[in-house]
Amino acid sequence: MHKEISQEIIDYLKLHNKFITSEELSNGLNVSKKTIARHINSINKKYSQPIIVSQRGRGYELNYSNYLNMANSNVHNDSSTQLRQENMLAKLLFASPNDVKIYDLVNSLYISEPVLRNDEKQISKRICKWNLKLESKQRSVKITGNEKDIRSALMEVVLHINKSTDIETLRKNTSQLDQKDFNFALSQVEMALRVLNGSLPYPYNINFFAHIYVLLIRAKKFKAMDKSISLDTSLQTEIKMNPEIFSICKSIVSNMKKYLGFKGEELDSEVYYLFKYLLTSRFNSFDGIVLDDRDLADQVTDFFISKVSAYLHCSFSPSIKDEIKNHVLAMISRLKMKISLPNALLKDIKLEYPQVFTATKKAATLASQKFNLPVIPDDETGFICLYFAKYYEENNKSNKKIKAYVICTTGIGTSGIISTKIKNSIPEIEIVGLASNYNIENIIKNKPEIELLISTVPINYHGKIPVELVSAFFTKKDEQKVRNVVRNIINERSFA
Amino acid sequence: MNEVLLKSCDIDVTDQKAAFQIIVDIVASKMDVSKVTVLRSLSTREKTANTALIKGIAIPHVILESDFTPWLLILKSKTLIADWDCLDDSKVNTLICLVVPKIIKKANKSFKKIIQIIDKLANDNVIAEINKAESATEIVQILKR
C-alpha cells in the first residue's frame, strides 16, 4: 500500500509533466523538503545520467529521455507499467465521452505507439467490469459508456479507492490544482454528518466523499447523470420517509452549483443519486432510515451464519447476528440499487483469513441463489467475512489461553483485586473464576479444564494442578513468578 | 443501598491489636455475634496471610457463619500503626474491613455491588486517592463513585 518514496517522487513528476517546486512535492507526498532532496539525490546517484534535474526557482523536473533509458534497461518494470496504464485510464475517463488524441497520450506518458496500443488492450480488458468500451482510432482513443458506470470507474481508479482506507490518504493522489475541489467535497461530507448527527464508518465515509468529488469533476465538464431518475416512484416513497437525508442532498447539490457558478437546473437530478447513495450507507446514530427489506435481511443473515458455522465447524456467539444483520440490510439495498462498494481491504482479507473468506464466499453464492438476489461481489463478501473472522479469531485465541482460578479466603476479597491486575498484565491467562479456598476441591472436580491456581493465601491442595502463591496486591515479583509458570505450562502443552 | 454497605469510623491507634479491638466492637454489635467470634475470625485471616496492601491500606476480613449481605467497615487512623507493614514497607493507617458470610452468593445483586467496590482497589488511581484522604467518610465517598 505504501510505495517507496523514491518511486512516488518519480511518479508525481511523471504525472505532472512540468517543473514541480520542492514545496509542492513536499505537500503532495506528505514528507519534508529535506526528505525529498535526499531521495532525489540518491535516485540520481544510482544512474550514470541524472533522472531528475533541478533548477533554481523552478523546482524539479523529470528528464524523460534519461528516465526512459533507465526504465527500458529494467526488463520488467511492472509497477511503472501499471501506474502508466492507470494514468491513461484516468485521462480517458475524465475526458469521456470525448476522445483523447494519441499524440497527447504518447507525449505526456512518454511511450511509443506500440506500447500505447498494448496499454489500450489491457485497459480495454479492465474496463469490462464497468461495462465500458474503449474505442481506438488511428489518431484518438476514447472510452464510452453510461455516466453511472463512468463515475464508478472514476471513483475506483482515480482516487485509488481500492488502496486507501482514509480520506487524507486520497489527498496525496490529487494534484495541488485539484485541492480546492477536494476540500469542497470534504466540506460537504462534514456538513452532512454534522446535520444528520451521525457518523459514517469506513467504507461508507470514503465512498460518500468520492461520490461527491467525482460528481463535482464531471459536473465541471457538464456531464450529468440520467435525469429520468426523478420519476422513479419507489424512490419518491423513500424520499417521503427520509426527508432529512433528502434535504441534505439538496443542500449539497445547491452548494455545488454555487461553487461552480451554475445557474440552471442541470445538476438537479444529481440530488436523487446522492440520496440513493446515502440511504444505503449505514448511519450509526440516525434512526430515520426505513428500508423495506428487514425481514429478508434477517433471513439472509441467519442463512450466512448457519452456513459459515457449518463450513468452519465453529459456532458463533448469538451477538454476531446483530452486528451482521445491519450490514446485510445495507448490502441488499446496494445490490438492488446496483451501487458498488469497493473494499480496500479485500486483498488483505483474502490473505489473512483464507478459510473464513472461502466459507463466506460459498455461503454468499448460495444466498444469492436462494433469495433471488444479484450476484454478491467479492468486495461485499469481504466485509461480511470480517465479522466472522473477528469471532473466529477470538474463539481460537480463547482455546489457547491458560484457564486459571484465583483463590483467596472469601472468593471476593483479594482474589477480586488481583484478578483485574492479572488480566491486564498477563493476557495469556483466562480467569475462569474466583473462589474461596474452602471450595477448591469442588471446583477442580467440576472444572477439569483448569490448568493453574493463583492464590493469595496458602491452600491445602495436593494435586497435579500448579499452584502459585502471590501477595494480596500482585506485585511485579508476583507477576514475574506467574509468567514463568505460564511459560512452563505452555511449553508442556506443546509436548503433550 | 450504598449507605448500608459502607460504614466509616475515624480512629487513632498505634498498634494492630487496638485497631482490631475497635473492629470487633463495631461488628459484634452490628451483627449480633460475640466479640470472641469476630476477633477469632479477624486474627485467623490475618495469620493465614497479611492483608496489608500498599500505601498504608489493609483489607482485614471478618468471615461469619450466618447468611447476610456483605458490607465494608472503613477505618482511618490519625497515627500510623507501628507494628503493621504493607508490601511497600509503608505503615498501615487505613483499614477497609470486609464483613462477609462464609458462603458467597456471587449472583446476588448486593453481593455484586460489594464486589464492584472491592475491585476498585485494583485501580492505582483509586489507591492514590484513598491514600490522600483525610477521613474515613472521605474514603467512603471515593469508593462510592
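## The A–B interface and a helix pair in chain A

Across the interface of chain A and chain B, the rule finds 0 salt bridges. The model is predicted. One residue pair, with both members at pLDDT 80 or more, is in polar contact across this interface.

Helix 20 (414-425) and strand 7 (429-436) of chain A each supply at least two residues of the side that touches chain B. Helix 20 of chain A gives the largest share of that side, 5 residues. By class, the side of chain A that touches chain B has 9 nonpolar, 10 polar and 1 charged residues.

In total, 20 residues of chain A contact 23 residues of chain B. The two chains bury about 1,700 Å² between them, and 75% of this lies on carbon and sulfur atoms. Within chain A, the most area is lost to chain B by Ile412(A), Ile417(A) and Phe473(A). Together they account for 38% of what that side buries.

Now to a helix pair within chain A. The axes of helix 6 and helix 7 of chain A come within 10 Å and cross at roughly 105°. The two helices are therefore roughly perpendicular to each other. The table sets out the residues that meet.

| Helix of chain A | Residue range | Residues in the contact |
|---|---|---|
| Helix 6 | residues 102-109 | Ile102(A), Leu105(A), Val106(A) |
| Helix 7 | residues 113-127 | Glu113(A), Leu116(A), Arg117(A), Glu120(A) |

By class, this contact between helix 6 and helix 7 of chain A has 4 nonpolar and 3 charged residues, with no polar ones.

Methods: Residues numbered from 1 in each chain as written. Chains lettered and ligands numbered in written order. Predicted model: local features only at pLDDT ≥ 70, side-chain atom pairs only at ≥ 80, totals over all residues. Heavy atoms only, no water. Contact = heavy atoms within 4.5 Å. Buried area = accessible area lost by both parts, 1.4 Å probe. Salt bridge = Lys/Arg side-chain N within 4 Å of Asp/Glu carboxyl O. Polar contact = N/O pair within 3.5 Å; in protein donor to acceptor, adjacent residues only side chain to side chain. Helix = DSSP H or I, 4+ residues; strand = E, 2+ residues; numbered from the N terminus. Nonpolar A, V, L, I, M, F, W, Y, C, P; charged D, E, K, R; others polar. Axes fitted to C-alpha atoms, helices over the stretch in contact; angles between N-to-C directions. Parallel < 35°, antiparallel > 145°, perpendicular 65-115°, else oblique.
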